[in-house]
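Work through the exercises below with the sequence and the model side by side, and try each task before you read its solution.

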Amino acid sequence: MIKPSNYHNKEHLIDEVLEAVKDIQIKFQAEDDEEKEWLLKHSPDPEVQELIEEMTVTMLHVLDAIGTLEPVNGITISKQFGFSKGTVSKITKRLVQKNIILPEYLPDNKKEVLFRMTEQGQDIYRLHQAMHQQIDLGANRFLQRYTEDELQFLAHALRDTAQASWFNSEKDGPSIVSGDGGAYPEEDSELNETTGELTVNEEMNEIMGMLHTLNIRDLKKAKAVLEDVFFTKYED
């Protein structure tokens with residue numbers, strides 16, 4: 001049986017972790033702008049810069065998928081990268097209109113469309129890959145500060161996070177007031193309806209369910225890791 005003092009301590013830690021999660025969501029939204037700024041800064045071609053200015057983060061991610069798998073159809077992009085079919089359809093149409101990708105029709109199947117990058121699409125794709133390589137190097141240097149036990153805990157928690165459905169958690173936790181806000185307000189509203197992402201409030205409910213399964217020691221670890229990983233700046 002959990003002692004009242006331990007219960008209140010755990011509740012306090014859960015509240016702190018949830019506050020950190022909210023801040024992380026805001027941080028990720030801000031970094032979307034930083035990502036575009038990096039691409040613009042490192043592109044020597046004015047035409048490519050103009051295209052990047054007009055692209056959303058989702059467009060960049062769909063282009064990444066095409067660059068990784070080309071020639072590839074929309075269904076494969078949807079399955080392997082977690083985009084909804086509606087999002088892939090709308091994004092590929094925009095990328096075709098901007099001459100960033102080209103549609104390719106099979107001789108024996110006119111209904112199936114494969115996508116390839118144009119020369120400008122390849123330039124943007126290479127830039128985006130270089131940016132993520134830079135981020136990976138910086139993140140690797142940053143994570144070297146942790147012990148093996150801390151890294152194992154973080155890896156375990158992140159794997160659970162990716163696989164869990166906290167909104168339908170078997171553990172009952174405090175309910176969060178629902179709202180209409182999404183996690184990515186900068187995207188077009190038309191795209192928001194098709195991304196299949198959970199709303200912020202649904203995510204908070206799921207996070208609450210997961211945190212209630214942790215003991216006080218692990219909650220303290222989670223809080224410390226979140227603060228270091230997401231709120232400590234590291235050099236590029």
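**Exercise 1: The overall plan**

Of the 236 residues in the protein, 35% are buried. The model is a predicted one, and the tasks below ask you to read it element by element.

Task: Find how many helices and strands the protein has, and in what pattern they follow one another along the sequence.

Solution. Begin by counting the elements, which gives 10 helices and two strands. Then read along the sequence, where the pattern is α-α-α-α-α-β-β-α-α-α-α-α. Finally, turn to the contacts between residues at least 6 apart in sequence, of which 73% join residues at least 24 apart.

**Exercise 2: Helix H3 and its length**

Task: Compare the reach of H3 with the span expected at 1.5 Å a residue, and find which residues of H3 are buried.

Solution. The next step concerns burial, for which the cut-off is a relative accessible area under 20%. By this rule 10 of the 13 residues of H3 are buried, and H3 is mostly covered. These buried residues are Val57, Thr58, Met59, Leu60, Val62, Leu63, Asp64, Ala65, Ile66 and Gly67.

**Exercise 3: Two partners of H3**

Task: Describe how H3 packs against H6 and against H4, giving the angle for each pair.

Solution. As a first step, recall that two packed helices are described by the angle between their axes and the distance between the axes. For helix H3 (residues 57-69) and helix H6 (residues 119-143), the axes come within 10 Å and cross at roughly 100°. Angles of 65 to 115 degrees count as roughly perpendicular, and H3 is therefore roughly perpendicular to H6. On the side of H3 the contact is made by Leu60, His61, Leu63, Asp64, Gly67 and Thr68, while H6 brings Gly121, Ile124, Tyr125, His128, Gln129 and His132. Sorted by class, the contact of H3 with H6 holds four nonpolar, seven polar and one charged residues.

The contact of H3 with H4 has five nonpolar residues, two polar ones and no charged ones.

**Exercise 4: The largest nonpolar core**

Task: Determine which residues of the largest nonpolar core touch the most other members, and which element gives the most to this core.

Solution. The largest nonpolar core has 26 residues, and those that touch the most other members are Met55, Ile66, Leu95, Ile100 and Ile124. At least two residues of this core come from each of helix H1 (4-41), helix H2 (46-54), H3, helix H5 (85-97), strand E2 (109-117) and H6. Among these, H3 gives the most, with six residues. To follow one member in detail, take Met55: leaving aside neighbours within four places in sequence, Met55 is in contact with Lys36, Leu60, Leu63, Leu95, Ile100 and Ile124.

**Exercise 5: Residues in the loops**

Task: Is Thr118 buried or exposed, and which residues does Thr118 touch?

Solution. Locate Thr118 first, in the loop between E2 and H6. The relative accessible area of Thr118 is 8%, so Thr118 is buried. Not counting residues up to four places away in sequence, Thr118 touches Asn99, Ile100, Ile101 and Leu102. One of these, Asn99, is found in the loop between H5 and strand E1 (101-106). Asn99 has a positive phi of about 60°, although Asn99 is not a glycine. With a relative accessibility of 40%, Asn99 counts as partly exposed.

Task: Find which residues are joined by a cis peptide bond, and the value of omega.

Solution. The cis peptide bond joins Glu70 and Pro71, with omega about -10°. Pro71 lies in the loop between H3 and H4.

Terms used. Residues numbered from 1 in each chain as written. Predicted model: local features only at pLDDT ≥ 70, side-chain atom pairs only at ≥ 80, totals over all residues. Heavy atoms only, no water. Axes fitted to C-alpha atoms, helices over the stretch in contact; angles between N-to-C directions. Helix = DSSP H or I, 4+ residues; strand = E, 2+ residues; numbered from the N terminus. Parallel < 35°, antiparallel > 145°, perpendicular 65-115°, else oblique. Contact = heavy atoms within 4.5 Å. Nonpolar A, V, L, I, M, F, W, Y, C, P; charged D, E, K, R; others polar. Core = buried A, V, L, I, M, F, W, Y, C linked by side-chain atoms within 4.5 Å. Buried < 20%, exposed > 50% of the residue type's maximum accessible area, 1.4 Å probe, protein only. Expected span 1.5 Å × (residues − 1).
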